[in-house]
Amino acid sequence: MTFKNVENITSSRGKKIANQFIITNEEGQFFQSYDSIIAFKPNDPMQPIKLDCIKWDYSRTTSKYRNQFLKCESKDIKKMTKDGDIIFTNLN
């Protein structure tokens, strides 16, 4: 897998956040917190978002930036999972 771009997530004030990354490749975008892939958003809108089954809610900070990446709140993840829009899998 070849990565095209790696950038830090930015805060609501526009500052780059250390250890929180968006990684882009030809298949879509990954959210990485420290050394762990937390989420994957595919470019194909017919494919579900993938969350790492172990680390998806590792900490408050991870959850905060995961939600920013997914543009949703934690409560939305349950509904999106039930609807099949999110699946849990091993991303690491």
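Start by selecting Ser36: this residue counts as buried because its relative accessibility is 13%, where buried means under 20% relative accessible area, exposed over 50% and partly exposed in between (1.4 Å probe, protein chains only). Before moving on, note that this is a predicted model, in which local features need pLDDT of at least 70 and side-chain atom pairs count only at pLDDT 80 or more, while totals for chains, interfaces and linings use all residues. Residues are numbered from 1 along each chain as its sequence is written, and side-chain values use heavy atoms, with hydrogens and water left out.

**Around Ser36**

Keep Ser36 selected and colour strand β4, residues 36-42, where Ser36 lies; helices (H or I, at least four residues) and strands (E, at least two) are DSSP runs, numbered from the N terminus. Now show Phe31, Lys55 and Asn92, which Ser36 touches when residues up to four places away in sequence are not counted (contact means heavy atoms within 4.5 Å). With Lys55, the Ser36 side chain also makes a polar contact, side chain to side chain, at 3.5 Å. A polar contact is a pair of N or O atoms within 3.5 Å; within protein, one must be able to donate a hydrogen and the other to accept it, and residues adjacent in sequence count only if both atoms are side-chain atoms.

Next, select β3, residues 28-33, a mostly covered strand with 5 of its 6 residues buried. β3 pairs with β4 in the antiparallel sense over 6 bridges; two strands pair if DSSP finds at least two bridges between them. Pick Gln32 and you will find it opposite Ile37 in β4. The two strands form a hairpin with 2 residues between them, and Tyr34 in the turn has a positive phi of about 55°.

On to β2, residues 16-25, which pairs with β3 in the antiparallel sense over 6 bridges. Here Gln20 stands opposite Ser33 in β3, and a hairpin joins β2 to β3 through 2 residues.

**The loop at Cys72**

Jump to Cys72, in the loop between α1 (60-70) and α2 (74-82). Cys72 is buried, at 13% relative accessible area. Leaving out residues up to four places away in sequence, Cys72 touches Asn67, Ile77 and Met80.

**Last stop: a salt bridge**

Finish with Asp83 and Lys79, whose side chains meet in a salt bridge (2.6 Å, N to O). The rule asks for a side-chain nitrogen of Lys or Arg within 4 Å of a carboxyl oxygen of Asp or Glu, and the count comes to 1 salt bridge. Asp83 is partly exposed at 45%, whereas Lys79 is exposed at 54%.
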